[in-house]
Amino acid sequence: QMQLVESGGGLVQPGGSLRLSCAASGSIFSLTNMAWYRQAPGNQRELVASITRGYITNYADSVKGRFTISRDNTKKTTYLQMSDLKPEDTAVYYCNRLPYQPQWGRGTQVTVSS
């Protein structure tokens with residue numbers, strides 16, 4: 001399984017931006033579809049955005065037009081550029097394969113609040 005380490009979260013005001021990064025281990029990253037997920041307190045983990053090994057992207061309706069997922073295979077890193085953040089985007093954000101593997105990283109906390 002891939003080891004996944006997320007970073008880049010923090011506290012941001014509504015309307016602000018953040019860029020999350022996810023560093024992966026393993027030699028098969030370039031062949032792997034990747035995704036960002038998030039889990040807010042009291043909620044189930046949900047799929048936010050995905051990117052295939054062929055760079056096809058897909059987004060949840062709630063983030064479409066505000067979030068952009070990308071990948072750099074040379075760095076084995078997946079990114080999530082988030083803009084126009086809203087309080088309802090507050091959650092712990094995780095990256096994983098799509099479909100996800102059982103082993104998750106620690107995630108990175110994103111808090112949107114004034």
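Q: Before we start, when do two strands count as paired here?
A: Two strands pair if DSSP finds at least two bridges between them. Keep in mind that this is a predicted model.

Q: Fine. In β8, which residue is the bridge partner of F67?
A: M82 is the bridge partner of F67.

Q: How many bridges join β7 to β8, and which way do they run?
A: Six bridges join them, and the two strands run antiparallel.

Q: What do β7 and β8 form?
A: They form a hairpin, with four residues between the strands. K76 sits in that turn. Its phi is positive, about 50°, although K76 is not a glycine.

Q: Is K76 buried, exposed or partly exposed?
A: K76 counts as partly exposed because its relative accessibility is 30%.

Q: Back to β7. Which residues are on its covered face, and which on the uncovered one?
A: F67, I69 and R71 make up the covered face. T68, S70 and D72 make up the uncovered one.

Q: New topic: rings. How many aromatic pairs does a search of the whole structure find?
A: Four. One of them is Y37 with W104, which is edge-to-face. The centres are 5.1 Å apart, with 80° between the planes.

Q: Where do Y37 and W104 lie?
A: Y37 is in strand β4, residues 34-39, and W104 is in the loop between β9 and β10. They are 67 residues apart in sequence, so the pair ties together separate parts of the chain.

Q: And W104 with Y100, what kind of pair is that?
A: That pair is tilted: 5.2 Å centre to centre and 45° between the planes.

Q: Buried or exposed: what about Y37 and Y100?
A: Y37 counts as buried, because its relative accessibility is 5%. Y100 is exposed, at 53%. W104 is partly exposed, at 24%.

Q: Which residues do ring pairs link into a cluster?
A: Y37, Y94, Y100 and W104. Y94 also has a charge over its face: R45, at 4.1 Å from the ring centre.

Q: What lies over the face of Y79?
A: R19 does, at 4.0 Å from the ring centre.

Q: Now the backbone. Which residues does a cis peptide bond join?
A: L98 and P99, with omega about -5°. P99 lies in the loop between β9 (91-97) and β10 (108-112).

Q: And Y55, what is its phi?
A: Near 70°, a positive value in a residue other than glycine. Y55 lies in the loop between β5 (46-51) and β6 (57-59). With 45% relative accessibility, Y55 counts as partly exposed.

Terms used
Residues are numbered from 1 along each chain as its sequence is written. This is a predicted model: local features need pLDDT of at least 70, side-chain atom pairs count only at pLDDT 80 or more; totals for chains, interfaces and linings use all residues. Side-chain values use heavy atoms; hydrogens and water are left out. Buried means under 20% relative accessible area, exposed over 50%, partly exposed in between (1.4 Å probe, protein chains only). Rings of Phe, Tyr and Trp (its six-membered ring) pair if their centres lie within 6.5 Å; planes under 30 degrees apart count as stacked, over 60 as edge-to-face and the rest as tilted. A charge sits over a ring if NZ of Lys or CZ of Arg is within 6 Å of the ring centre and within 35 degrees of the ring normal.
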